[in-house]
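Hi,

Here's the structure I promised to pass on.

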Amino acid sequence: MASTKSAPKAAATSKAAAAPKAPLLDGTGKASKQVSLDAAVFAAEVKPHLVHETVRAELNANRAGTRGAKSRGQVAGGRAKPWRQKGTGRARIGTSRAPHWTGGGVAFPPTMRSFAFKVNRKERRAALRAALSAHAAEGTLALFDGSGFDAPSTRVAADLVGTWAKELPLVVVITEEEEVAQKSFRNLAHVVVTTPSELEVAAIVWARSLLVSEQALPVVEARAGKALPAGTTKETA
């Protein structure tokens, strides 16, 4: 009986020890300390089929769907019969706007449409957790203090990214309140700056490395399904 009672405690201890960590970068890009991340978000099970479906849905939602052509009923002209039905020796024809005529309409033309399809919220959150967990496991995820920028400086941001020395392209997640940091990172090549509310799974999968501000971290975790701490601004997941 003693061994069975101690088993859950041992499992809980191993689960707590397996919580991933990410470096907290200072203004120069060096790791000042290691921050423990929420295992429910950054050590989740990676389900490739959910990630694939979510990325497809996000990319399809961004498609304009404005490609189109005119059918024979939409092309101008062709109201009169080109020649009489019989006696000319030529094939009978009712309109010059037929699809097999030059300048005629298109048979079964493509029309404006939406390519969007729905992915359930639970699946979308699971895909987001999987993408974040992949970066945490590979060591390509880091945190930084977005309020540490006194003035917009692309050079400071470039030095921070260069010292961290991770592969590009890089996605930087910053809250809207950290405007100075946004202006510092947005002019860097192969760097995409986004807010937690606009963060997509496709961008995380595309990125070779991920940089998240300390203020944006709770909101990202909330979008992945974790409850927001008290006093944190809620953004739609």
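Predicted model: local features only at pLDDT ≥ 70, side-chain atom pairs only at ≥ 80, totals over all residues.

Residues are numbered from 1 along each chain as its sequence is written, and side-chain values use heavy atoms, leaving out hydrogens and water.

Let's start with H4. Helices (H or I, at least four residues) and strands (E, at least two) are DSSP runs, numbered from the N terminus. H4 covers residues 121–138, 18 residues in total. Its first and last C-alpha are 26 Å apart, close to the 26 Å expected at 1.5 Å a residue (that is, 1.5 Å times one less than the number of residues). Its buried residues (under 20% relative accessible area, 1.4 Å probe, protein chains only) include Ala126, Leu128, Leu132 and His135. The buried residues pack (heavy atoms within 4.5 Å) against several elements, among them helix H3 (48–61) and strand E6 (209–213).

Now the rings. Phe144, Phe149 and Phe185 are linked into a cluster by ring pairs (Phe, Tyr or Trp six-membered ring centres within 6.5 Å).

Charges turn up too (NZ of Lys or CZ of Arg within 6 Å of the ring centre and within 35 degrees of the ring normal). Arg63 has its charged end over the ring of Phe115, 3.5 Å from the centre, and that of Arg90 sits over the ring of Trp83, 3.9 Å from its centre.

Cheers

Technical notes: Buried < 20%, exposed > 50% of the residue type's maximum accessible area, 1.4 Å probe, protein only. Phe/Tyr/Trp six-rings, centres within 6.5 Å; stacked < 30°, edge-to-face > 60°.
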